[in-house]
Amino acid sequence: MDTWIEILQTAVHAPSPHNVQPWRVRLLSDGEADLLMEKRRTLPKEDVTGSFIILTMGLFIEALAVLAANRSYELTYRLHHEPSAYTPEKIERAEGDLLTFARLRLRQVSGLRPSGFDDALFLKRRTSRVTLSPAPVPAEAARALADLARAWGQRYEQFSDSPLIERVLARNTDALFEDLNAPGYHDEIVEWFRFTDRAARRTRDGLDYRCMNTSRLAFWLAAKLPSLLRSAALRPVFRRTYRRQLGTVPSVAVLAGAFWRPEEAFETGRFLLRFWLEAARHNLYIHPYGNLVTNRAAAGWCLRELGVPDIWLIFKIGFSAVPPKSYRRSVEEVLIA
Ligand SMILES: Cc1cc2nc3c(=O)[nH]c(=O)nc-3n(C[C@H](O)[C@H](O)[C@H](O)COP(=O)(O)O)c2cc1C
């Protein structure tokens, strides 16, 4: 089973919302494995359609397929259920904490072409919440990202008008502050906050304050006293602090297309893995602003302001210093006996 282990060692570095890492794997033989989803690692309050968790499973399968291809293995899969079986209501009703997702098959194929994405890109790719440099995304990189999106039936659009960027950042801040005051959203996300390196190292998942580019105090206050973000006196201070934290933002970009239906989300996840690796190939980092998509009022505002329908990811994009590496569960923790 060495090939599975080797592939998994790199695949676990795939991104997931709040670094929840919902994937578990049961190895059956050299050529077969089952992929499962851990119920307690889903986000029913924020991801009300289940699209983001389904996307994450598609993204992880694509990570395995890319890494397999780099070793002359073809990875194929058969979903155990339709993606629509993983909406929050259905997950809630399912028994036990582990939900079977897909049967994976690995087959050596001589002469198989590598994926075009080196293994090293999996470690180079990171979310960068630190300041970006003012340098714009080079035209060639923007073209490569747009072409890749088009090949998957998706759309990549980039905006570099600074007043527009400032409006987007301000709207994101408002949505974030509002959502942190919604009890369901708040309790769910805060469960993934890791306030100390010790806590982050213990669980090896979640939003580690080292990676959030925030002070530990601000991170803690947002979690424990979110009403401060609404206080008339303090709100402007927190808004300014948060804006400073985001740093220089030369470009904001969106990915748009089929996503909100479960079967679309799965395929879109496969695309997102490739998109993010492609960005890393061009030394570009992204930082998604999830609240602009999951907060309905903010999503409506983005549609009007940016004029792009079906947006499912909005993010800053550009060059930055190498951001801190977020932890991952080990392969041993991902494997199920
Ligand atoms: C679909 C998706 C949505 C995400 N949305 C956000 C977001 O709204 N804000 C954020 O800071 N990070 C977001 N992230 C980044 C994750 O938090 C990040 O991938 C995870 O913490 C692991 O860190 P890494 O990307 O540096 O490996 C998102 C990731 C994915 C896959």
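This is a predicted model: local features need pLDDT of at least 70, side-chain atom pairs count only at pLDDT 80 or more; totals for chains, interfaces and linings use all residues.
Visitor: Which domains does the assignment of the protein chain give, and how far apart do their C-alpha centres lie?
Guide: The assignment divides the chain into domain 1 (2-122 + 326-334) and domain 2 (126-318). The distance separating the C-alpha centres of domain 1 and domain 2 is 23 Å.

Visitor: Which element gives the largest share of the side of domain 1 that touches domain 2?
Guide: In domain 1, 33 residues are in contact with 33 residues of domain 2. By class, this side of domain 1 comprises 16 nonpolar, eleven polar and six charged residues. The largest share, ten residues, comes from α2.

Visitor: Is helix α1 parallel or oblique to α2, and why?
Guide: The axes of α1 (residues 2-11) and α2 come within 9 Å and cross at roughly 125 degrees. Angles of 65 to 115 degrees count as roughly perpendicular and those over 145 as roughly antiparallel, so this crossing falls in the remaining class. Helix α1 is therefore oblique to α2.

Visitor: Which residues of α2 make the contact with α1?
Guide: The crossing of the two helices is right-handed. On the α1 side, the contact is formed by I7, T10 and A11. By class, the contact has seven nonpolar, one polar and no charged residues. The α2 residues are F60, A63, L64, L67 and A68.

Visitor: Which elements each supply at least two residues of the shell around the ligand?
Guide: The ligand is surrounded by 16 residues, the closest being P15, N19, T127, P288 and G290. Domain 1 and domain 2 each contribute at least three residues to this shell. Its classes are seven nonpolar, seven polar and two charged. The elements supplying at least two residues each are α2 (51-69) and β9 (285-288).

Conventions
Residues are numbered from 1 along each chain as its sequence is written. A residue is near a molecule or strand if its C-beta atom, placed from the backbone, lies within 6 Å of it. Helices (H or I, at least four residues) and strands (E, at least two) are DSSP runs, numbered from the N terminus. Ala, Val, Leu, Ile, Met, Phe, Trp, Tyr, Cys and Pro count as nonpolar, Asp, Glu, Lys and Arg as charged, and the others, Gly among them, as polar. Domain bounds come from an automatic or database domain assignment. Axes are lines fitted to C-alpha atoms, for helices over the stretch in contact, and angles run from 0 to 180 degrees between N-to-C directions. Angles under 35 degrees count as roughly parallel, over 145 as roughly antiparallel, 65 to 115 as roughly perpendicular and the rest as oblique. A crossing is left-handed if the near helix is turned anticlockwise from the far one by less than a right angle, and right-handed if clockwise. Two residues are in contact if their C-beta atoms, placed from the backbone, lie within 7 Å.
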